[in-house]
Amino acid sequence: MFDDDGDDDDWESRANRVYAPVVRYRSLNNSEIDAAMDWRAELGVEVEGGDWPSGDLIAGRINFLTIRLHEFNVFDILDQFSDAAVAFADLFEGGYLLPEIDDDLISYDTALILLDVYVAPPFRGRRLGAWMTCQLISRMAPSIHTIVFAHPYPRSEGPFEEVDSVGRRKLLRYGQLTGLAPVEGHPGFLSGSPAFTGLDEARHELAALRDVEFSDVDLNDPGILALNEDLIAGWQPRPV
């Protein structure tokens, strides 16, 4: 129903305005271990104009985990999910952080693990992925006893490939816009905590992006359609 039939009523030919980004959260409830929860943060934006089935759409998303430490073997928790999750096991020993990562002054009891960050192609280039990540960390890691981890890598390479590619270096630099910093001795991983100022400083630096706007967005972009497939599936086209 999204094919371009060439007439003036096609959604791709109509001007639109996309604005007012906001992050919404929902639990996915796939964990069989009660010390962990898997979540999805969705980047919602409002839409004016264009033949879109709603007044808003999902422009991006982050899949992430929250894990209570010191209760279960973290590898067993991560192994429930995906290879992207299992890759973080290198940072833990049993139910604890590795000694070289743990902080002598702060007792971490929770890990927030960012599995992947995705923004649909029409909305890239404006740092919305970093903004969304900052909002997520602020909401889901409010305590100084939480440590945050990320592992940026290109989708074409996979989490276990030990390569120093241009794509990985670029994503690591981008990830640091959020206030996360490289983990010493574990190249490819980033970490941070609300116990330090870096995360708050990054969030304030990106705060103006809440006013970002886009115009003439290709609403038929495959990335947008994939993120919004549930909404689209329930849309009944208007009678002609």
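Buried means under 20% relative accessible area, exposed means over 50%, and partly exposed lies in between, with a 1.4 Å probe and protein chains only. By that rule, 48% of the 240 residues of the protein chain count as buried. This is a predicted model, in which local features need pLDDT of at least 70 and side-chain atom pairs count only at pLDDT 80 or more, while totals for chains, interfaces and linings use all residues. Residues are numbered from 1 along each chain as its sequence is written, and side-chain values use heavy atoms, with hydrogens and water left out.

**Overall make-up**

The protein chain has seven helices and 10 strands. Helices (H or I, at least four residues) and strands (E, at least two) are DSSP runs, numbered from the N terminus. A contact means heavy atoms within 4.5 Å. Of the contacts in the protein chain between residues at least 6 apart in sequence, 69% join residues at least 24 apart.

**The sheet**

Strands of a sheet pair through backbone hydrogen bonds, either parallel or antiparallel. Here two strands pair if DSSP finds at least two bridges between them. Eight strands make an open sheet, ordered β8-β9-β7-β6-β3-β2-β1-β10, with mixed pairing. β8 (181–182) and β10 (213–215) are the edge strands; each has a single partner strand, so one side of each lacks a neighbour in the sheet.

Helix α3 (residues 128–140) packs on this sheet. It touches β1 (17–27), β2 (36–48), β3 (56–68), β6, β7 and β10. The direction of α3 makes about 155° with that of β6. Axes are lines fitted to C-alpha atoms, for helices over the stretch in contact, and angles run from 0 to 180 degrees between N-to-C directions.

β6 (residues 110–119) and β7 (residues 146–150) run parallel, joined by five bridges. A111 stands opposite I147 in β7. L112 has V148 of β7 as its bridge partner. How many of the residues of β7 are buried? Five of five are, and the strand is mostly covered. T146, V148 and A150 point one way from β7, whereas I147 and F149 point the other way.

**The largest pocket**

A pocket is found on a 1 Å grid over the protein atoms alone: it is an open set of points where a 1.4 Å probe fits, with protein on both sides within 12 Å along at least five of seven lines. Lining residues have an atom within 4 Å of a point. Grid points are joined across faces, edges and corners, and a volume is the space filled by probe spheres set on the points.

The largest pocket holds about 850 Å³ of space. Its lining has 29 residues, and V117, Y118, Y153, L171 and Y174 lie nearest the centre. β6, α3 and α4 (166–175) are the elements that give two or more residues to this lining. β6 gives the most, with six residues. The lining divides into 17 nonpolar, six polar and six charged residues. Ala, Val, Leu, Ile, Met, Phe, Trp, Tyr, Cys and Pro count as nonpolar, Asp, Glu, Lys and Arg as charged, and the others, Gly among them, as polar.

**Selected residues**

A20 has a positive phi near 55°, though it is not a glycine. H70, also not a glycine, has a positive phi of about 75°.
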